[in-house]
Amino acid sequence: MGPMSIREMAEAIGGAESDLSRHIRLHGLEPTGHRTANNGALCRMFDKAAWVRLCDSLPDCPMKFKLRAFLGQHEGQAWDEPLPAHHPTISGPKAHDGHPNGMALLEAWARKQQEEEKTEKTRATIDIPGNRPVVIAILGDLHIGNNEADYLSMWRDVKAITGNANVYVLTDGDKFDNWIGKFADLQRGQACPFVEELAIAEAIVDALSDRLLAVVSGNHEYRTQRAAGVDLVRDWLRHKGIRCLYDPDELGFDVRLGGASWRFKLRHKWAGTSIYNQTHAIERDARFGDPSWDVGIGGHLHGQTVVRPFAHGGRIKYAVQLGSYHRKSRYGTQLGLPALTPLAGQASPGAAVLILHPDGQIETSPSIEIAARRVNA
Ligand SMILES: [Zn+2]
């Protein structure tokens, strides 16, 4: 350690002295009172090794930030100032030990955002092999754990998916009730223990693992994120190595089959509501928000599934508003929604069933089983 001139700082990292001086001048980084008359040397007790270390750890960081980090460190804390002769010599852990390197952190966060931007720019696509129609079963608002959850429909629908070829799945959030955090008191009223709720939810994810194309979360899954900072669904998919699309909030992706391609938009809750038109929020988005999609899918409303074709921008688009997997819903009763019981062989009112044809046609079906029989005939 010793006084280091600008020239020495530049040499230490193999840079040009003039560049360094310019940066120091330009960004007002001169440590006042520490500049001598002879060739502008920085006459503080700069630690050459620390400077080299900082430059090595931030290879792509702009010089002005490196300098700020370096000078700031020494200016602000003066840990390397020579001590007056009468001061006791103290060795061992000090307050500045382990202090985070702000500049390295800034760089790490910046890189993370850069990576995220890269992924956002990549257009998500799902290429379905073959040239024959396929079934897309869309499951919304399962609410596993809820006293009124429709386990019978859930079980039938999962069996209909796994028991038939060419059936793929999208899920649209609120897979389980997840009464945790400030809602934990509600768990006391649930007949199904929380550990069973999660076990059933995870088993369904397992069972559908090779059929899942895309998954988003809903407000009930968000609770784990809010209470514990953990995205449980992301962790399940990651640990199980399930290669479907995932986002906690929204996914936009192209589904391609044969010569056809449809743009899907999948999210749990869409902005806006109308008591006269269940698909209002989704259709509103096509007209006043995002005109790019062909199939818009939403959940959250706990009514009955409605698939409504509508014309927009010279194309037929499909607004898919899912209902929920409830046998009778007290929440629905409170909202004044009609009670619904699926007929035998019919999918739950929480599911929508689409048949995609390689010529671009989309059909709807009341039943996963019936749709699967049609495409596999
Ligand atoms: Zn819900």
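The questions below go from the whole chain to single residues.

Visitor: How many helices and strands does the protein have?
Guide: This is a predicted model. The count covers both element types: the protein has 13 helices and twelve strands.

Visitor: What share of the residues is buried?
Guide: A residue needs 20 or more other C-beta atoms within 10 Å to be buried. The protein has 377 residues. The buried share is 33%.

Visitor: What share of the contacts with a separation of 6 or more joins residues 24 or more positions apart?
Guide: A contact here puts two C-beta atoms within 7 Å. Among the contacts with a separation of 6 or more, the share from residues 24 or more positions apart is 71%.

Visitor: Which residue in S11 is the bridge partner of Leu 139?
Guide: S2 covers residues 134-139 and runs antiparallel to S11. Six bridges join the two strands. The partner of Leu 139 in S11 is Ala 351.

Visitor: Which residue of the S11-S12 turn has a positive phi?
Guide: S11 (residues 351-356) and S12 (residues 362-365) run antiparallel and are joined by four bridges. In one of these strands Ile 355 has Glu 363 of S12 as its bridge partner. The two strands form a hairpin with five residues between them. The turn residue with a positive phi, about 100°, is Gly 360.

Visitor: Are H6 and H13 roughly parallel or antiparallel?
Guide: The axes of H6 and H13 (residues 368-376) come within 9 Å. They cross at roughly 10°. Angles under 35 degrees count as roughly parallel. H6 and H13 are therefore roughly parallel.

Visitor: How many nonpolar, polar and charged residues does the contact of H6 with H13 have?
Guide: H6 brings Asp 157, Ala 160 and Ile 161. They meet Ile 368, Glu 369 and Ala 372 in H13. By class, the contact has four nonpolar, no polar and two charged residues.

Visitor: How many residues of S8 are buried?
Guide: S8 pairs in the parallel sense with S7 (residues 260-267) over three bridges, and Leu 266 stands opposite Ile 297 in S8. S8 also pairs in the parallel sense with S10 (residues 315-323) over five bridges, where Gly 303 stands opposite Gly 323. S8 is largely enclosed by the rest of the structure, because its buried residues number eight of the nine.

Visitor: What distance separates the C-alpha atoms of His 300 and Asp 141?
Guide: His 300 is found in S8 (residues 295-303). It counts as buried, with 22 C-beta neighbours inside 10 Å. Beyond four places in sequence, His 300 is in contact with Asp 141, Gly 218, His 268 and Lys 269. His 300 and Asp 141 are 159 residues apart along the chain, yet their C-alpha atoms are separated by 6.6 Å.

Visitor: What is the phi of Asp 174?
Guide: Most residues other than glycine have a negative phi. Asp 174 is found in the loop between S3 and H7 (184-187). It is buried, with 28 other C-beta atoms within 10 Å. Its phi is positive, near 55°.

Visitor: Is Asn 178 buried or exposed?
Guide: Asn 178 also sits in the loop between S3 and H7. Its phi is positive, about 60°, although it is not a glycine. With 26 C-beta neighbours inside 10 Å, Asn 178 counts as buried.

Definitions and conventions:
Residues are numbered from 1 along each chain as its sequence is written. This is a predicted model: local features need pLDDT of at least 70, side-chain atom pairs count only at pLDDT 80 or more; totals for chains, interfaces and linings use all residues. A residue is buried if 20 or more other C-beta atoms lie within 10 Å of its own, exposed if 12 or fewer, and partly exposed in between; C-beta atoms are placed from the backbone. Two strands pair if DSSP finds at least two bridges between them. Axes are lines fitted to C-alpha atoms, for helices over the stretch in contact, and angles run from 0 to 180 degrees between N-to-C directions. Angles under 35 degrees count as roughly parallel, over 145 as roughly antiparallel, 65 to 115 as roughly perpendicular and the rest as oblique. Ala, Val, Leu, Ile, Met, Phe, Trp, Tyr, Cys and Pro count as nonpolar, Asp, Glu, Lys and Arg as charged, and the others, Gly among them, as polar.
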